[in-house]
Amino acid sequence: MRIGMLTGGGDCPGLNAVIRAVVRKGIQHYGDEFIGFMEGWRGVLDDRTMPLDLTTTSGILHRGGTILRSSRTNVKKIEGGFEKCLSVIQGHNLDALIALGGDDTQSISVELAKRGVHCVGVPKTIDNDLSGTDVCFGFDTAVTIATEAVDRLHSTTEAHSRVQVVEVMGRDAGWIAITTGIAGGADVTLVPEVPIDMDEVVRLLKARWESGKRFALVVVAEGAKLSEQAGQSSVGTKLDSFGHARLSGIGQALAEEIEKRTGYETRSVNLGHTQRGGTPTAYDRMLATRYGIAAIDLVHAGKFGRLVVLKGTTISDIPLEDAIAKTRTVGEDLLAIVKGLQPKP
């Protein structure tokens, strides 16, 4: 078979591991041929490709980013976009297309599948908020990076008797924030699922000071909102092609409010894209490889219009439409763990 592959949306560690697994099994077990579209759906629109074979995918297992590069390109917003994609796909005589990405990327896969393209999806987002799968590859690496940062910030924060606010990624779901907060021993953890109650934040910080611990760590997701805030904190007014603002700034806004209300010196740090970069953890390499093998097997089983997913410890698959139907958010079970580690009112 001739198979195309692309990586769309934000990059993350593990993308290269998926590409490698798909190509190695596809060539060595099925005799497939592969082409890679550069920069996500933009590469399909512009017919920009690179060869994917055993040579071009050698030595990439441990590399972050993606050899195919990526972009946030919304085919729906481009006049004649889907027609251009279909023409390019047909021009390459592709039997199937494997798309690595989150809900935005897979929303394009769904539309192409309706138009007859044999699409298979692989779930990718460090936010871990894609419905239907327990874990997306890249999430473990992002949390490991964020937790290490919180560990490092403990000592300098204690030395200066400060409050340190750490802003992590998480637009609509607080998986990175809540996992980092629990694993890193944060005193306050704030997520998009629950509006920020400043009275409660102040109570928790003062309780820590009164216990003799004259420093504190606060972890906040970029998408968290102050209860009196109209929307999420963002940089500028420009939206990406999928209608998303560039989120940033809740950490600094929160730090200023904490210092104003408590008198404690407060600083903020935004970890930003450091969470996306670097070498994937062993867990993410393993999960990405499992997803890649499952994706090429789905192609040869003729199970198109589906996304490979992890349920418990088993890899299975679900319809692409189900994966993008809703955002997977943090549940009450993890929120209860955070509360259980904090002093009662």
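User: In this predicted model, what span should the 12 residues of helix 4 have, and how far apart are its end C-alpha atoms?
Analyst: Helix 4 covers residues 103-114. At 1.5 Å a residue, counted over one less than the number of residues, its 12 residues should span 16 Å. The end C-alpha atoms agree with this, being apart by 16 Å.

User: How many of the 12 residues of helix 4 are buried?
Analyst: Buried here means under 20% relative accessible area. Helix 4 is largely enclosed by the rest of the structure, because the number of its 12 residues that are buried is nine.

User: Which residue with a positive phi follows helix 4?
Analyst: The phi in question is near 100 degrees. The residue that follows helix 4 with this value is G116.

User: Which way do the side chains of strand 4 point, and which residues lie opposite to A96, I98 and L100?
Analyst: In a regular strand the side chains alternate between the two faces of the sheet. In strand 4, A96, I98 and L100 point one way, and all residues on both sides are buried. Six of six being buried, strand 4 is therefore largely enclosed by the rest of the structure. Pointing the other way are L97, A99 and G101.

User: What is the bridge partner of M5 in strand 4?
Analyst: Strand 1 (residues 2-7) runs parallel to strand 4, with five bridges joining them. The partner of M5 in strand 4 is I98.

Technical notes
Residues numbered from 1 in each chain as written. Predicted model: local features only at pLDDT ≥ 70, side-chain atom pairs only at ≥ 80, totals over all residues. Heavy atoms only, no water. Buried < 20%, exposed > 50% of the residue type's maximum accessible area, 1.4 Å probe, protein only. Helix = DSSP H or I, 4+ residues; strand = E, 2+ residues; numbered from the N terminus. Pairing = 2+ DSSP bridges. Right-handed = clockwise from strand over helix to strand, strands pointing away.
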